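Here is a briefing for a first look at this structure. Keep the sequence and the 3D view open as you read.

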Protein chains: 2
Amino acid sequence: MAEQQNQTVAAASKGMRIVIVGSGFGGMAAAKALKRAEAEITLVDRTNHHLFQPLLYQVATAALSPADIASASRAMLRHQSNISVLMAEVVRVDVESRIVHLAGGRDLPYDYLVLATGSAYSFFGHDEWARDALTLKSLADALTIRERLLGAFEKAEECGDPRLIAKLMTFVVVGAGPTGVELAGTIAELARSTLARDFKAIDTRSARIILCEAGDRVLSAFPKRLSDYAAKALASLGVELRLNAAVGEIDDEGLMIGEARIETSTVLWCAGTEARPAARWIGAEAARNGAVRVGGDCAVIGRPEIFVVGDAANMDDGSGGVLPGLAPVAKQQGAYVGKLLQARLAGRPAPGPFRYRNYGEMAIIGRSRAIADFGLFTLTGFPAWLAWSLVHLMLLIDFRSRTAVYINWSWAWFTYGRGARLLAGATRRGRSMSDD
Amino acid sequence: MAEQQNQTVAAASKGMRIVIVGSGFGGMAAAKALKRAEAEITLVDRTNHHLFQPLLYQVATAALSPADIASASRAMLRHQSNISVLMAEVVRVDVESRIVHLAGGRDLPYDYLVLATGSAYSFFGHDEWARDALTLKSLADALTIRERLLGAFEKAEECGDPRLIAKLMTFVVVGAGPTGVELAGTIAELARSTLARDFKAIDTRSARIILCEAGDRVLSAFPKRLSDYAAKALASLGVELRLNAAVGEIDDEGLMIGEARIETSTVLWCAGTEARPAARWIGAEAARNGAVRVGGDCAVIGRPEIFVVGDAANMDDGSGGVLPGLAPVAKQQGAYVGKLLQARLAGRPAPGPFRYRNYGEMAIIGRSRAIADFGLFTLTGFPAWLAWSLVHLMLLIDFRSRTAVYINWSWAWFTYGRGARLLAGATRRGRSMSDD
């Protein structure tokens, strides 16, 4: 009886259409977990690639090339004949007719929808700051930051005006979470070591790197002891740390930190994030940061055919809080939803509710400086850096990336050199100072 | 007596200022050859890097990353304490006062000036074609072409409109010199092999690659037998070759080839080049393509303190013709001028007139297809490809690039894969279809 019912379900599911929006960790994990699903799956993303976001700051700071940390999505899913990959923009979702509408007029009907749309940086109501503060979410963002960082030193070398030099060589990072700390630490290393021997008119070692944090410690998701280590490590790299510091009035000449005006041409915004489009598309209940509230099966309450995973989802962590917006959470949720759907389509019993397995958290501050929290024990300094490097190498998506990253890293480690120090003149904000 | 005179000259030359404009093969070779010159040398370029231009087509076709073929100029010259590197735009040269004027108002006085400003593609008086036809000279150009090529396939997969698909999957290359042949051959390989398994709605193997040439054979600088081989190799890759074909009326929907209109969204312009700014800056006599006529010592006639090298120079080849615009010519001329100036500043006798050493010419058509002309003998096919690969590997500027390129190549060779297949959404013509 049960078997007969299963067969019916399996037969009915043959023509099932699954649409996955987003090719980040969540969407890609869902797509891969649906490997054996008898369904027509479509993965839609605005870009053509899957991005290894934890290393994006290395592209922004000229240590790695885009191709080292990104792979074409359709190449990654080449061997899954049940999946089509589309590079397109979603404009809205019709939840009643179950249709995803794409820019350009094309429609994608679905039986199941998986939203893995991630998050974007938010400016706490000051959207005008987005004009002058740079954020780091996409490859285009990383290339823009790289262009601005390297361009600031080039311009300082060339301009001959002490006041302009001071402004160009002041870099302000807002928000001392993992991304802010990585960027501040790496920019300090770039200025103090990598570039130090290359400039003649300026001394890049005199660059100011200011890291502002509204809270009272850096990397506040980690135990206090690790935050304290990180603060010391940042100071030893020459980063000026400003805790309990509110920022305001960001323009293209500088910003306010507390009561003081700082002149700078580079503000990197790494403060709060929000998950905008998903909740709006499906008209679902959202948390304060815009993330869609989902049940234990990652499905939207009242919409069992719509799943939300990763940063776009707001899920109880079982102890009163919500799961954090981290790559492993997105990956595990995506894989969970993929397996759940595959089981459902095959008429097999669905798995129990999602459970996040926390294998530990790490943050890197710079060359041989990192922190790691594995629950049972913590690491700092070189051991943590080694753990961080090994884990991130292993996580990297395919062999090719692994090899290239490994070589670039080894090379940078031994030489303090940067292979990707290029100003191609192709930035998000138009051409800057470059070629025909 | 002669010794005394030499010492006087050497003493007088201590404060000599040499300005080199352009960090391509010519300018970089000049800078390096001036290693031991007692002078204040400034190398100015609009970009911050030296580019290994012979492999630029591989960036444009997603085989290599920008960092694989470019190095930061100031890093390359780090150990030469007599050189400053400036990233700046030259706006004009005052030849009477001997001053190079930079954008932004800064001046560079010189005693000797070396112009290595290269060449740009020219549209034979149809500058409006530059709006829609893409050229390949800089890293930014290569990234734009990569974005357009990959974007055309993505758009074709997504659009569902047969006529638009046909237009998107038609690629027209104008000019069958080395760059045109490389691009046409590599795009054909990309469509027929690399991408073939990745798309579902379209068959990338049905893409049309049309190579137009106004003359009666491809690669006309080579012996006829090699041209014939190249034409056959192109045909076997699926390139449609149109000889004696004039093109006209290029717009964003297509172009005219002879009497026929071809609908295409991608026109790559690899026809004539011209050397614009140098002659204009110094008011010197120029050849038809704008190159400055120089004497046997690379100096401008009547301006012994100004040297022009590489594509920007027009020099007799000693047998009635002029030296071609090739990387080895630029490199040898740059090194020659550097040595000449170093000798002059040291009060040593200057070398005799420049003599180009032709070590052979090569052109690559695709995977294991190339031609090579070494004067005494010629090669085609795999042996030529092997020679091409070895020579280009050896020529690559520093160890790091060499390693990364070697790995990318080996990997691409075994897998037909492309590591750099990324649409970052950061193109010369603004953001296209990408992230926040």
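In chain B, Phe25(B), Gly26(B), Gly27(B), Met28(B), Ala29(B), Ala30(B), Ala31(B), Lys32(B) and Ala33(B) of helix α2 meet Ala327(B), Ala330(B), Lys331(B), Gln333(B), Gly334(B), Ala335(B), Val337(B), Gly338(B), Lys339(B) and Gln342(B) of helix α11. Contact means that C-beta atoms, placed from the backbone, lie within 7 Å. This is a predicted model: local features need pLDDT of at least 70 and side-chain atom pairs pLDDT 80 or more, while totals for chains, interfaces and linings use all residues. Residues are numbered from 1 along each chain as its sequence is written, with chains lettered from A and ligands numbered from 1 in the order written.

**The helix pair in chain B**

- α2(B) spans residues 25–33 and α11(B) residues 327–345. Helices (H or I, at least four residues) and strands (E, at least two) are DSSP runs, numbered from the N terminus.
- Axes are lines fitted to C-alpha atoms, for helices over the stretch in contact, and angles run from 0 to 180 degrees between N-to-C directions.
- α2(B) and α11(B) are therefore roughly parallel to each other, a term for angles under 35 degrees.

**A sheet in chain A**

- Three strands form an open, antiparallel sheet in the order β24-β25-β26 (chain A). Strands pair if DSSP finds at least two bridges between them.
- β24 (361–366) and β26 (378–380) of chain A are the edge strands, each pairing on one side only.
- Five bridges join β24(A) to β25(A), residues 369–373. Ala363(A) has Ile371(A) as its bridge partner.
- Helix α8 (residues 178–194) of chain A packs on the sheet and touches β24 and β25 of chain A.
- Helix α12 (residues 381–395) of chain A lies across β24, β25 and β26 of chain A, at about 75 degrees to β25(A).

**Chain A overall**

- Chain A has 13 helices and 26 strands.
- Of its 436 residues, 53% count as buried. Buried means that 20 or more other C-beta atoms, placed from the backbone, lie within 10 Å of the residue's own.
- In α2(A), seven of nine residues are buried. Among them are Phe25(A) and Met28(A).

Note on methods: Parallel < 35°, antiparallel > 145°, perpendicular 65-115°, else oblique. Contact = placed C-beta atoms within 7 Å. Buried ≥ 20, exposed ≤ 12 C-beta atoms within 10 Å, placed from the backbone.
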